[in-house]
Amino acid sequence: MDERTAEIYSKFRNENWEKMDLSKRLEALQELENLSASLNHSAPRNVTAKELEGASYGYYDGNGIVVNKHILEKGIMVANVKDENTGKIEQMTHPVPDANIQMMDTIFHEDYHSFQEQAVNGEIPMETLKAMGITEKTLHNWQSNNSVLNYVDPEVDGVLYRIQGLERSAFAAGEKHTLEAFGFLNAKYGEDPNFREYITGISQNSYACNLSMAQKIYGDTNIQNTLQGKMNERYYMENVQYFNKSSAQKVESVLDRSMLEALKTNKTETDAGEKGTLGHSNHGGFGGSGFSGGSGSSMGAFSGGLE
């Protein structure tokens, strides 16, 4: 690992993170984003912070990456919840004990959504993509998944959200690079006190766990392919044959409900010429807003899926 990369990573160790104020932490995130983009052969995006509500780590909105200011500054999630008895709005908070690591994961995750967008739009040469293991079929599937027709909202179906192609890839990228970074840091300086919390979180929300759950819920051992097939059918008008037609019908219903949610909140397709606001609990999708990489939470107002 080169000296500059090691220097950037070291800022995310808890002992260093705790000494930095908001501006210094935001600066560290921007440095990490610049590094991540260089690894992905893509253009870097500006990183800003906003007070996001609920189990939201951050999002990529088609222009830049936004992270949750509550987590970045204070290591907490915040949600405004209406009391059913009094009708009053109460503010709930939930700690994010591994905030330093989650912020790193969030940048790697959201930068991957930026990379996906640039790859699909032809801004990265196909030769470069192939060298990275990205095939034309992968681009084909990402394109259909990013359509407002097809992006699974985590609030509509958390397990399908987690296994859809865009999120599966972004979660994998975020976790891979974060584990590599902290593998280096832990070996050099000793294990970060928040590392085990991070490991527990990503294990509980792993692709394998969500895939297994989706297979049981839909009674379909091939659910990930059924989901992608239905997306390609709707976006490209492909003729897809399903082994489990009942599962395909249920998936179609989920996609329809997600589309209605997207339209209600003025979400639009990035390929339609506008910057969309598809979400990353991780909500995601390139051009998306919502939740970012990380372990998430199972607490009421703070529940949400991730990639």
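**Note on the predicted model**

1. Overall make-up. The protein chain has 13 helices and 5 strands. This is a predicted model. The protein chain has 307 residues, and 56% of them count as buried.

2. The largest nonpolar core. This core holds 31 residues. Tyr9, Phe12, Leu29, Leu32, Val67, Met103 and Met104 touch the most other members. Several elements each supply at least two residues: helices H1 (3-10), H3 (22-39), H4 (69-74), H5 (99-120), H9 (165-189) and H10 (195-204), plus strand E3 (65-68). H5 gives the most, with 6 residues. As a general point, nonpolar side chains in soluble globular proteins tend to be buried together.

3. Phe12 and its contacts. Neighbours within four places in sequence are set aside here. Phe12 is then in contact with Trp17, Ala28, Leu29, Leu32, Asn100, Met104, Phe182 and Asp192.

4. H5 against H9. Two packed helices are described by the angle between their axes and the distance between the axes. The axes of H5 and H9 come within 8 Å and cross at roughly 135°. An angle over 145 degrees would count as roughly antiparallel, and 65 to 115 as roughly perpendicular. H5 and H9 are therefore oblique to each other. Their crossing is right-handed. On the H5 side, the contact is made by Asn100, Ile101, Met104, Asp105, Phe108, His109, Tyr112, His113 and Gln116. On the H9 side, the residues are Leu166, Glu167, Ser169, Ala170, Phe171, Ala173, Gly174, Glu175, His177, Thr178, Ala181 and Phe182.

5. Is His177 buried or exposed? His177 counts as buried, because its relative accessibility is 15% and the cut-off for buried is under 20%. The residue sits in helix H9. Not counting residues up to four places away in sequence, His177 touches Leu39 and Phe108. Met104 is 73 residues from His177 in sequence. From C-alpha to C-alpha, His177 and Met104 are 8.9 Å apart in space.

6. H1 against H3. These helices pack at an angle of about 135°, with their axes 9 Å apart. H1 and H3 are therefore oblique to each other. H1 passes H3 in a left-handed crossing. Arg4, Thr5, Ile8 and Tyr9 of H1 meet Glu31, Leu32 and Leu35 of H3. Two of the residues named here, Tyr9 and Leu32, are also among those that touch the most other members of the largest core.

7. Arg234 in H12. Check this arginine. Arg234 lies in helix H12, residues 223-236. How is Arg234 classed, buried or exposed? Arg234 is buried, because its relative accessible area is 13%, against a cut-off of under 20%. Leaving out residues up to four places away in sequence, Arg234 touches Leu149, Asn150, Glu252, Leu255, Asp256 and Met259.

8. Lys69 in H4. Lys69 belongs to helix H4. With a relative accessible area of 26%, Lys69 is partly exposed. Which residues does Lys69 touch, not counting residues up to four places away in sequence? They are Leu22, Ala49, Lys50, Glu51 and Lys74. Leu26 is 43 residues from Lys69 along the chain. The C-alpha atoms of Lys69 and Leu26 are separated by 9.4 Å.

9. Positive phi at His41. His41 is not a glycine, yet has a positive phi of about 60°. His41 is found in the loop between H3 and strand E1 (47-50). Its relative accessibility is 48%, so His41 counts as partly exposed. The cut-off for exposed is over 50%.

10. Positive phi at Met237. Phi of Met237 is near 60°, again a positive value in a residue other than glycine. Where is Met237 placed? Met237 is in the loop between H12 and helix H13 (245-264). Met237 is exposed, with a relative accessible area of 71%.

Conventions: Residues numbered from 1 in each chain as written. Predicted model: local features only at pLDDT ≥ 70, side-chain atom pairs only at ≥ 80, totals over all residues. Heavy atoms only, no water. Core = buried A, V, L, I, M, F, W, Y, C linked by side-chain atoms within 4.5 Å. Buried < 20%, exposed > 50% of the residue type's maximum accessible area, 1.4 Å probe, protein only. Helix = DSSP H or I, 4+ residues; strand = E, 2+ residues; numbered from the N terminus. Contact = heavy atoms within 4.5 Å. Axes fitted to C-alpha atoms, helices over the stretch in contact; angles between N-to-C directions. Parallel < 35°, antiparallel > 145°, perpendicular 65-115°, else oblique. Left-handed = near helix turned anticlockwise from the far one by under 90°.
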